[in-house]
Amino acid sequence: MAAPREAPERRPFGRRFLTDPARLFQHNAWDNVEWSEEQEASARRKVQENSSQLLPQDKQEEYEVNAKRYWDDFYKIHENGFFKDRHWLFTEFPELAPNRNPSQNGDSVHKFSNKEESNNEGLGSCENGHCLLETRAENQLNIIKRTPKICTEELAAQKYSELNQSDGDYPGSSASYRILEVGCGPGNTVFPILQTNNDPGLFVYCCDFSTTAVDLVQNNAEYDSSRCFAFVHDLCNDQSPFPMPDESLDVVILIFVLSAILPEKMQCIVNRLSRLLKPGGMILLRDYGRYDLAQLRFKKGQCLSDNFYVRGDGTRVYFFTQDELNDLFTTAGLEKIQNLVDRRLQVNRGKQMTMYRVWIQCKYRKPTAPQL
């Protein structure tokens, strides 16, 4: 008989949802919301209904082949205005700013997130199948117009080849703390890190397979090539090289990125990323959980396979369980530090709407000694 699964890990902080309607619309969010059996069953029925009709195989292949174009189009339309700067990063992932004064983070995640959410009536709303997840930026990114200097995959490969011939001299080679964000978009994670982490030994790599997204990062007024290297990279192409060698990174960040990838390719990608980590290095992940609002809102005809959907703009999204993510990371040889589900109720008081979000947050570490 197989060993029983661990009980789901949940946040140790936050409050349960209050059912009094009069109190409901006086607040904007509750953390650690516990679902009733009826609510869980209702969510399961909605998923069964919206996944009862799968897209034909030829259409599924079309979305895979044209994935880059769909994301390029997304960033051409929204630029940096859709996803907001993630100022919750350093509360959830203090590893990104190890020298940060804890008092800068606020007393707790609950207090911090509610403070941000109270200033954003539209938090949690969905547009074209994309649900706004991040807090509103305190300072919008300033996109300036200048000649693009995109590091394409071909150029990255050329640079990597040249660097390998120059005795380990690669971008960030002299840094003492190296972070890679995969799927960086227009820089909503990268720039808060650069602004917050003043460690002189810090170097941040960021990549996306959308040329448009990388263009937005490199043409941002905050982009500093002495502390950051942005490049185009297709995670699904295992022949596409990274600009840094194996076992050189302290942290790899995956925020709402792994869910956009074809499920059968996820394990190979996690394996590749784990090889980039130093012993003791960590992968930090935050992504969509099973039965999140975004999953329940899909209609029939948008499902590609179990819990994997295509949005109206052609981009795709998968909804994870904790066990699925644990299997991906442990198969890659990483050890669990954190794997928790964050069930949150968000309220749009203007529209009198309640929205149940389900996210999963993980931290997995590369062992410091070889596993026997």
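Guide: Phe256 counts as buried, at 14% relative accessibility; buried means under 20% relative accessible area, exposed means over 50%, and partly exposed lies in between, using a 1.4 Å probe and protein chains only. This is a predicted model, where local features need pLDDT of at least 70 and side-chain atom pairs count only at pLDDT 80 or more, while totals for chains, interfaces and linings use all residues. Residues are numbered from 1 along each chain as its sequence is written, and side-chain values use heavy atoms, with hydrogens and water left out.

Phe256 sits in the loop between β7 and α10 (266-276). Helices (H or I, at least four residues) and strands (E, at least two) are DSSP runs, numbered from the N terminus. The backbone of Phe256 has a positive phi of about 50°, although Phe256 is not a glycine. Most residues other than glycine have a negative phi. Glu247 also has a positive phi, of about 55°, and is not a glycine either. Glu247 belongs to the loop between β6 (228-232) and β7 (249-255). With a relative accessible area of 47%, Glu247 is partly exposed.

Now turn to Arg316, in strand β11 (residues 316-318). Arg316 counts as buried, at 5% relative accessibility. Leaving aside neighbours within four places in sequence, its contacts (heavy atoms within 4.5 Å) include Ser259, Ala260, Ala67, Phe308, Tyr309 and Val310. Ala67 is 249 residues away from Arg316 in sequence, yet their C-alpha atoms are 8.3 Å apart. The side chains of Arg316 and Glu64 make a polar contact at 2.8 Å. That term means a pair of N or O atoms within 3.5 Å; within protein, one must be able to donate a hydrogen and the other to accept it, and residues adjacent in sequence count only if both atoms are side-chain atoms.

Residues 308-310 form β10, one of the elements that the buried residues of α2 pack against, along with α11 (293-296) and β9 (303-305). Those buried residues of α2 are Ala43, Val47 and Asn50. They cover an arc of only 75° around the axis, so they lie on the same side of α2; the arc is that of the directions from the helix axis to the C-beta atoms. Glu37, Glu38 and Arg45, on the other side of α2, are exposed.
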